[in-house]
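Here is a quick tour for anyone meeting this structure for the first time. Have a look at it, then read on.

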Amino acid sequence: MRAARLIKMVLLLQARREMTGGELAAELEVSERTVARDVLALSEAGVPVYADRGRAGGYRLVGGYRTRLTGMGRSEAEALFLSGVPSALRDLGLDDAASAARLKVSAALDPALRDVHEGSAQRFHLDAPGWWQAPGTPPLLPALADAVWSDRRAAVRYRRGDERGGEVERELEPYGVVLKAGRWYLAARVPADAALPGREAWRVYRVDRFTEVAVRDAHFDRDPGFDLAAFWAERAASFARSLLRSEVTLRLTAAGTRRLRHVTDRAAADEALAAGASGADGRTTVALRVESEEVAFGQLAGLGPECEVLAPPSLRARVAEAARRAAALYGDLPPAGGQR
């Protein structure tokens with residue numbers, strides 16, 4: 001365990017050149033005192049780690065010291081070959097580079113581990129697109145990916161997806177691309193010199209709606225505090241909440257409360273159940289946020305008799321009519337467990 005931590009410390013210092021004790025402790029998930037002991041152990045083993053004292057001090061490797069990638073075990077090699085998504089690399093135009101990288105890593109591995117690439121590919125496969133979706137690569141994705149990699153501005157034309165329609169022209173700073181359920185999105189910032197008053201600088205765009213992309217020669221200074229994963233998680237959650245514009249009132253049986261999260265938005269279901277009120281009959285009344293009455297009708301049909309719609313009246317009437325039609329279809333059958 002400690003040996004792996006020492007190797008990771010050396011690789012971190014090699015990659016970042018200098019780190020504080022607190023930064024190393026956070027990365028290695030240990031205390032700063034443990035970091036100091038590990039640095040001493042590395043120094044005694046001949047690894048030239050230098051410590052700068054004082055409030056602004058930290059640790060660094062002396063004299064451009066570098067370690068080679070050695071001691072890789074089978075599980076580490078297998079995880080490395082599984083770290084890429086083949087379809088995503090192909091969409092981004094990086095499949096040739098990824099193939100070359102895999103060959104170089106394979107050549108550097110111990111001969112006993114040369115089979116891990118083939119073994120991993122035969123055991124695990126990621127199919128990114130969702131069901132019933134024809135896979136397709138947005139033609140302008142490679143150009144946007146190039147702008148992301150090189151931190152260069154891009155002049156784009158974008159087809160709106162809202163009720164306004166039409167196309168707009170934008171000057172963007174492309175920060176990252178995200179593959180979500182088979183669809184590519186671009187996280188970008190509108191430069192200060194192109195931003196409109198009162199409009200947020202950070203935006204998310206669907207890549208398949210770009211109709212033109214011209215990558216500029218001009219570079220932009222990337223915000224060092226930008227975290228793509230955190231940004232996407234916040235925007236995805238915000239988008240999901242924004243869709244829930246209506247509210248329905250339900251009375252659920254015990255089975256209905258257990259199944260509600262499986263037929264509708266989970267966060268909305270958890271919120272509704274947490275604020276629900278239990279009645280003397282054992283059923284729970286909840287106010288559930290939904291996308292629309294039409295969507296709610298389709299979702300709640302999956303609960304059947306475990307859910308009674310109380311409001312709005314139009315949805316209650318619609319569910320009641322569906323129940324009457326269903327009962328008419330099966331009216332010639334005896335009650336469950338009984339005789340006619």
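Where is the place of Asp151? Asp151 is in the loop between helix H8 (141-150) and strand S4 (152-159); helices here are DSSP runs of H or I with at least four residues, strands are runs of E with at least two, and both are numbered from the N terminus. This is a predicted model, where local features need pLDDT of at least 70, side-chain atom pairs count only at pLDDT 80 or more, and totals for chains, interfaces and linings use all residues. Residues are numbered from 1 along each chain as its sequence is written, and side-chain values use heavy atoms, leaving out hydrogens and water.

Most residues other than glycine have a negative phi. Glu29 is not a glycine either, yet its phi is positive, about 60°. Glu29 sits in the loop between helix H2 (21-28) and helix H3 (32-44) and is exposed, at 73% relative accessible area.

## A cis peptide bond

Most peptide bonds are trans. The one joining Ala311 and Pro312 is cis, with omega about 5°. Pro312 belongs to the loop between strand S12 (307-311) and helix H13 (313-329).

## A four-stranded sheet

S12 turns up again in an open sheet of four strands, ordered S10-S11-S9-S12 with antiparallel pairing (two strands pair if DSSP finds at least two bridges between them). Strand S10 (277-278) and S12 are at the edges with a single partner strand each, so one side of each has no neighbour in the sheet.

S9 (residues 246-252) and S11 (residues 284-290) pair over seven bridges. Thr249 has Ala287 in S11 as its bridge partner. H10 packs on this sheet and touches S9 and S11 (contact means heavy atoms within 4.5 Å).

## Two helices side by side

The axes of H10 (residues 254-263) and H11 (residues 266-274) come within 7 Å and cross at roughly 155°; axes are lines fitted to C-alpha atoms, for helices over the stretch in contact, and angles run from 0 to 180 degrees between N-to-C directions. H10 and H11 are therefore roughly antiparallel (over 145 degrees; under 35 is roughly parallel, 65 to 115 roughly perpendicular, the rest oblique).

On the H10 side, the contact is made by Thr257, Leu260, Arg261 and His262, and on the H11 side by Arg266, Ala269, Asp270 and Leu273.

Definitions and conventions:
Buried < 20%, exposed > 50% of the residue type's maximum accessible area, 1.4 Å probe, protein only.
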